[in-house]
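Please read the following account alongside the sequence and the coordinates.

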Amino acid sequence: MAIIMFGIMILLIFTGAPVFVAMGIGCVIFILTQDSISMVGIANQLFRGVNSFTLMAVPFYLLTGELMNSGGTTRRIMNLAQAVVGQFRGGLAHVNILSSTVMAGMSGSASADAATTSVILIPEMVEKGYPKPFAAAVTACSAVIGPVIPPSINMLIYASVASVSVGKMFVAGLLPGVVICFYEMIVTWFISKKRGYGVVTKFSWSNFLHALKEGFLPLLTPIIIMGGILFGWYTPTEASVAAAVYAGILGFVYKEITIKDIPGIILRTTSLTATTMIIVAASNVMGWVAALDSIPQKILSVFLMTTDSAAMVMAVLILFYLLIGLFMDGVAITLLTVPIVLPLINSYGINPIYFGVVMVVALMIGQITPPVGMVMYITTSITKVSLADFMREAAPYFLALFAALITMALFPDAVVWLPNLLIGI
């Protein structure tokens, strides 16, 4: 019966129904066919899905991103990135990638990063002679670093569902995020050399120090978040509140946020939070129903009969997440599938921290591919670039992302080394 439930859910998603509606209808149909299950169970599971101290961090990290984007932080970070990498061939493209990497340590949202960079940096790239499709591709493909480097909403939700340390998940994303940034910069250098893209400016210590002075306070945001967690000053949830307060203070210090701006910022944050949390609640019901029908145990038995190789299991799961990421949002996929595959990875001795990082990176690739790549649509809609032109320019960056994903998959010890070192085994 659970197969029918999942089939109905997938059919509704493809017909354009919201993800939480598709999940809910599928679960209701399943429960109505079971005499021993009360409909009251749905209400209980909806409440239990969002009744989590860890998930309280979601609205505050979203609020931090909104405050950073409205408070002039983004422009200061871009100026600092330009002072650091602007002298390389294809300088503005490198600035784009490095800015996304740094801003990832503040908001953890690929969509917010893509929207901000598209509005601020792409017009400047076009003015300097970069083709608009290339600028859009660089922006979107670098924005996916956002959910990898802490603080990451995707990592936070995975940690909540998988019952692993949020702090470890955050720290585990640092090295993979840097690897993605490095690979994308290599691709950018080769493209820029081939096409003759120039530099933004020659390196100057005076420009660097001035940009560092302007961007120093924003750069403290990741330190406030991760430093407080690592030193035990506050939990990851409390860190989100500290980050939001600090982002708000910066906005007023820079005089780019006024009291009149606050209602709009809160309204946008509330809307994003509601969109996320309703999916969280619905997916908890879906996970409950799957458990009632023993779906995790059935999947586990199939794998146990076919292979005893943990590497093969990881290869299959990576391919699965790459494919399903083409059709669904990463948060929804995490909430829906992790409770089902967690017994599988545990039985094969796969580290759940390592698996979570690899899964998030695989799902982020789906954010820049059709048919439902949200980051791709945000960037192309703002820049008025066709999907065909975007995909042509983004192809080399897909290779960089796949290379980063394969690197992480092949070296699990490298992924968990830093969290084990800083937080302990």
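In this predicted model, Ser-192 has a relative accessible area of 0% and is therefore buried, the cut-off for that class being under 20%. The residue belongs to helix α11, which covers residues 174-195. When residues up to four places away in sequence are set aside, Ser-192 touches Arg-89, Gly-90 and Tyr-197.

The side chain of Thr-101 reaches the backbone oxygen of Ile-97 at 2.9 Å. Beyond residues up to four places away in sequence, Thr-101 also touches Ile-145, Ile-149 and Cys-181.

The side chain of Arg-392 makes a polar contact with the side chain of Asp-389, at 2.9 Å. Arg-392 can also be related to a residue elsewhere in the sequence: Phe-134 is 258 residues away along the chain, yet the C-alpha atoms of the two residues are separated by 8.8 Å.

Ser-163 has a phi near 60°, a positive value in a residue other than glycine. It is found in the loop between α9 (153-162) and α10 (166-172). With a relative accessible area of 66%, Ser-163 is exposed. Lys-255 likewise is not a glycine and has a positive phi, of about 60°. Its place is the loop between α13 and α14 (262-292), and its relative accessible area of 73% makes Lys-255 exposed.

Helix α13 also takes part in a helix pair. At what angle do the axes of α4 and α13 cross? The axes of α4 (residues 57-70) and α13 (residues 236-253) come within 8 Å and cross at roughly 20°. The two helices are therefore roughly parallel, since angles under 35 degrees fall in that class. The crossing of α4 past α13 is left-handed. On the α4 side, the contact is made by Ala-57, Phe-60, Tyr-61, Leu-63, Thr-64, Leu-67 and Met-68. From α13, the residues in contact include Pro-236, Thr-237, Ala-239, Ser-240, Val-241 and Ala-243, together with Ala-244, Ala-247, Gly-248 and Leu-250. Sorted by class, the contact of α4 with α13 comprises 13 nonpolar and four polar residues, with no charged residues.

The final step is to consider the protein chain as a whole. It contains 21 helices and zero strands.

Technical notes:
Residues are numbered from 1 along each chain as its sequence is written. This is a predicted model: local features need pLDDT of at least 70, side-chain atom pairs count only at pLDDT 80 or more; totals for chains, interfaces and linings use all residues. Side-chain values use heavy atoms; hydrogens and water are left out. A polar contact is a pair of N or O atoms within 3.5 Å; within protein, one must be able to donate a hydrogen and the other to accept it, and residues adjacent in sequence count only if both atoms are side-chain atoms. Axes are lines fitted to C-alpha atoms, for helices over the stretch in contact, and angles run from 0 to 180 degrees between N-to-C directions. Helices (H or I, at least four residues) and strands (E, at least two) are DSSP runs, numbered from the N terminus. Angles under 35 degrees count as roughly parallel, over 145 as roughly antiparallel, 65 to 115 as roughly perpendicular and the rest as oblique. A crossing is left-handed if the near helix is turned anticlockwise from the far one by less than a right angle, and right-handed if clockwise. Contact means heavy atoms within 4.5 Å. Ala, Val, Leu, Ile, Met, Phe, Trp, Tyr, Cys and Pro count as nonpolar, Asp, Glu, Lys and Arg as charged, and the others, Gly among them, as polar. Buried means under 20% relative accessible area, exposed over 50%, partly exposed in between (1.4 Å probe, protein chains only).
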